[in-house]
Amino acid sequence: MATETLVGRSSFLEKLRIRQIRQFFVEVRSEMRKVSWPGRKEVYGTTIVVICAVFFFGIYLGLLDVVFQLGRDQIFKFFK
């Protein structure tokens, strides 16, 4: 009798879980229809901005690194 209850309960839970998963995907599909996707021109423009920003900050941080390294070396020379 106890095993029949457990089998019935697990079957019910599996069906409930499948129903929840199905509902999740229905809601995802509904939300994806509401998304405002950017156009090709906008994606191109923002990509160029990101690439330029990466190069700018890379050069900026590289120069700061060199300046701090030179400063550190001068301090070590002074106390040597």
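Predicted model: local features only at pLDDT ≥ 70, side-chain atom pairs only at ≥ 80, totals over all residues.
A residue counts as partly exposed when its relative accessible area falls between the limits for buried, under 20%, and exposed, over 50%.

Two helices and zero strands make up the secondary structure of the protein. Helix α1 covers residues 2–34, and helix α2 covers residues 40–78. Of the 80 residues, 0% count as buried. The accessible surface amounts to about 8,200 Å², and carbon and sulfur atoms account for 69% of that area.

Part of this surface is a nonpolar patch formed by I21, F24, F25, V28, M32, V35 and W37, which together have about 700 Å² of accessible area. Among these residues, F25 belongs to helix α1. With a relative accessible area of 53%, F25 is exposed, because the limit for that class is over 50%.

Aromatic contacts come next. The structure contains four aromatic pairs. In one of them, the ring centres of F24 and F25 lie 5.3 Å apart with the planes at 75 degrees, so this pair is edge-to-face. F56 and Y60 form a stacked pair instead, with 6.2 Å from centre to centre and 10 degrees between the planes. Both F56 and Y60 sit in helix α2, where a spacing of four residues places them about one turn of the helix apart. F56 is exposed at 52% relative accessible area, whereas Y60, at 42%, is partly exposed. Together with F57, these two residues form one aromatic cluster.

Turning to charged side chains, the model has two salt bridges. K34 is bridged to E31, with 3.3 Å between the closest N and O atoms. What separates these two residues along helix α1? K34 and E31 are three residues apart in that helix, which means a separation of about one helical turn.

How values were computed:
Residues numbered from 1 in each chain as written. Heavy atoms only, no water. Patch = residues over 30% accessible without salt bridge, like charges linked within 9 Å, V, L, I, M, F, W, Y side chains within 5 Å. Areas by Shrake-Rupley, 256 points an atom, 1.4 Å probe, with all protein chains shown as cover. Salt bridge = Lys/Arg side-chain N within 4 Å of Asp/Glu carboxyl O. Buried < 20%, exposed > 50% of the residue type's maximum accessible area, 1.4 Å probe, protein only. Phe/Tyr/Trp six-rings, centres within 6.5 Å; stacked < 30°, edge-to-face > 60°.
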